[in-house]
Amino acid sequence: MEKVDNTKELKLNFPTTWQYKLIMEKEHDAKKIAKEILKDKEHKIKKSQNSKKGNYVSHTLEVLVDNHEERKAIFEDLKKHKDIKFVL
């Protein structure tokens, strides 16, 4: 089995549109959470799908990021939010 090097930085041209996948319990408001984290930064959020039992829902959050640091900072802020179970 070939070993994968996950330490390399992505080669991206900035600014670029980046998508995050948010997974949360269905009763939480993804639009409100995105606005809370991103403030006035322009973004789009759309519902992706429900879990089999309907307890969880995933959303795709699309944001224009200016650099790697901003992309990572948004990811970390999303991960820290109490209502978001997973961020991909």
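Predicted model: local features only at pLDDT ≥ 70, side-chain atom pairs only at ≥ 80, totals over all residues.
Student: What makes β1 a partner of β3?

Tutor: The same test applies, namely at least two bridges. β1 and β3 pair in the antiparallel sense over 10 bridges. Tyrosine 20, for example, stands opposite leucine 61 in β3.

Student: What lies between β2 and β3 in their hairpin?

Tutor: There are 5 residues between the two strands, and glycine 54 in the turn has a positive phi of about 80 degrees.

Student: Why is β3 called largely enclosed?

Tutor: Of its 10 residues, 7 are buried, so the rest of the structure largely encloses the strand.

Student: Why is threonine 60 called buried?

Tutor: Threonine 60 is located in strand β3 (residues 56-65). Its relative accessibility is 10%, and buried means under 20%; threonine 60 therefore counts as buried. Beyond its neighbours within four places in sequence, threonine 60 is in contact with Gln19, Tyr20, Lys21, Lys44, Ile45, Lys46 and Ser48.

Student: What makes the approach of threonine 60 to serine 48 a polar contact?

Tutor: The limit for such a pair of N or O atoms is 3.5 Å, and one atom must be able to donate a hydrogen and the other to accept it. The side chains of threonine 60 and serine 48 meet at 2.9 Å, which is within that limit.

Student: How do you know that methionine 24 is buried?

Tutor: Methionine 24, in strand β1, has a relative accessibility of 0% and therefore counts as buried. Not counting residues up to four places away in sequence, methionine 24 touches residues including Ala30, Ile33, Tyr56, Val57 and Ile84. Methionine 24 and phenylalanine 86 are 62 residues apart in sequence, but 7.1 Å apart in space, C-alpha to C-alpha.

Student: What makes the link between glutamate 70 and lysine 41 a polar contact?

Tutor: Glutamate 70 belongs to helix α2 (residues 68-80). Its side chain makes a polar contact with the side chain of lysine 41 at 3.1 Å, a distance within the limit of 3.5 Å. Leaving out residues up to four places away in sequence, glutamate 70 touches Lys41, Leu64 and Val65.

Student: Why is arginine 71 said to sit over the ring of tryptophan 18?

Tutor: One condition is that CZ of Arg be within 6 Å of the ring centre; it must also be within 35 degrees of the ring normal. The charged end of arginine 71 is 4.7 Å from the centre of the tryptophan 18 ring and sits over that ring.

Student: How many aromatic pairs does the structure hold?

Tutor: The structure holds 0 aromatic pairs.

Technical notes. Residues numbered from 1 in each chain as written. Heavy atoms only, no water. Helix = DSSP H or I, 4+ residues; strand = E, 2+ residues; numbered from the N terminus. Buried < 20%, exposed > 50% of the residue type's maximum accessible area, 1.4 Å probe, protein only. Contact = heavy atoms within 4.5 Å. Phe/Tyr/Trp six-rings, centres within 6.5 Å; stacked < 30°, edge-to-face > 60°.
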